[in-house]
Amino acid sequence: MATEMKDIKLVVRDLSLHYGTFQALASINLGIPSGAATAVIGRTGAGKSSLLRSLCRMNELWDDVRTEGQVLLDGKSIYEPGIDVTEVRRRVGLLARSPIPFPKSIFDNIAYGPRLHGIRQRGDLDDAVKRSLKQVGLWNEVKDKLNSSALELSPGQKARLCIARAVAVQPEVLLIDDPATNLDPVSTAKIEDLILELKEHYTIVVATHNMQQAGRVSDYVAFLSQGSLVEFGPTSDVFARPKDKRTEDYITGRYN
Ligand SMILES: Nc1ncnc2c1ncn2[C@@H]1O[C@H](COP(=O)(O)OP(=O)(O)OP(=O)(O)O)[C@@H](O)[C@H]1O
Ligand SMILES: [Mg+2]
């Protein structure tokens, strides 16, 4: 019998985050369901990216950042002293907004992560590259030019390449910050379809301002306002029957 805990991949407990004296997240409590897509929505500055970075210990790349509270991955704190941060970041992959391929070949872009994690055998790297490109639907488009520069790809292909780069290390969670920013509608639709496929294999958290996109790709939605979690629930419930007036105003586009 599945217990509730087993279905929750990440537990966020009383999470607060300060950049210097500025508080960007205030006592967030949230359980991110396993094998589903959770959208984090909220207006600009609400703390969406800060929350995503907190889930993989990426905020610490800045000086003067203070994190309080806990994030549990499969029940185990990722902020505990002595934890292997590189391993946390492998298990919980972050795709930053508008990710840019490295100025390297397509092959080397995808092989970058596996190499970093100690995979050296050419056959193993070949397998990882092929598997990852297939997973994002890019293999047939690029299999004959794996040694060409990734910078020659179209914007939509680059976006999928960056997702392939993220899945190459076989993460368990994918955090995707504003997918499809600056992409045309066709490429955006491809990315959204891809997210729907990827959630069969990974736990996904997507930060977006785009309500339609949140509605199309997510099973659950978390609404942040000024660093606080206002509402969380199944997307269909939150969109149809928001419990909080602030959520209702946001999703119906009344901003004040
Ligand atoms: N490295 C940083 N140093 C100082 N303040 C920061 C830093 N990163 C973010 N902030 C501040 O924290 C708040 C939350 O920012 P965050 O980028 O998480 O919001 P967001 O919801 O992702 O916004 P957007 O929709 O514009 O991407 C903002 O007020 C922002 O100015
Ligand atoms: Mg952001």
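Biologist: Hi! Which residues of α6 are buried?

Modeller: G156, Q157, A159, R160, L161, C162, I163, A164, R165, A166 and V167 are the buried ones, with buried meaning under 20% relative accessible area (1.4 Å probe, protein chains only). This is a predicted model, where local features need pLDDT of at least 70, side-chain atom pairs need 80 or more, and totals for chains, interfaces and linings use all residues. Residues count from 1 along each chain as written, chains are lettered from A and ligands numbered from 1 in written order, and side-chain values use heavy atoms, without hydrogens or water.

Biologist: And what covers those buried residues of α6?

Modeller: The cover includes β6 (92-95), α3 (106-116), α4 (122-135), α5 (139-142), β7 (173-177) and α7 (185-198), counting contacts as heavy atoms within 4.5 Å. Helices (H or I, at least four residues) and strands (E, at least two) are DSSP runs numbered from the N terminus.

Biologist: Switching to ligand 1: which residues come nearest?

Modeller: T44, K48, S50, R97 and H209, out of 15 around it; a residue is in that group if a heavy atom lies within 4 Å.

Biologist: Which element gives the largest share of that shell?

Modeller: α1, with four residues. Both α1 (48-54) and β2 (22-33) supply at least two.

How values were computed:
Buried < 20%, exposed > 50% of the residue type's maximum accessible area, 1.4 Å probe, protein only.
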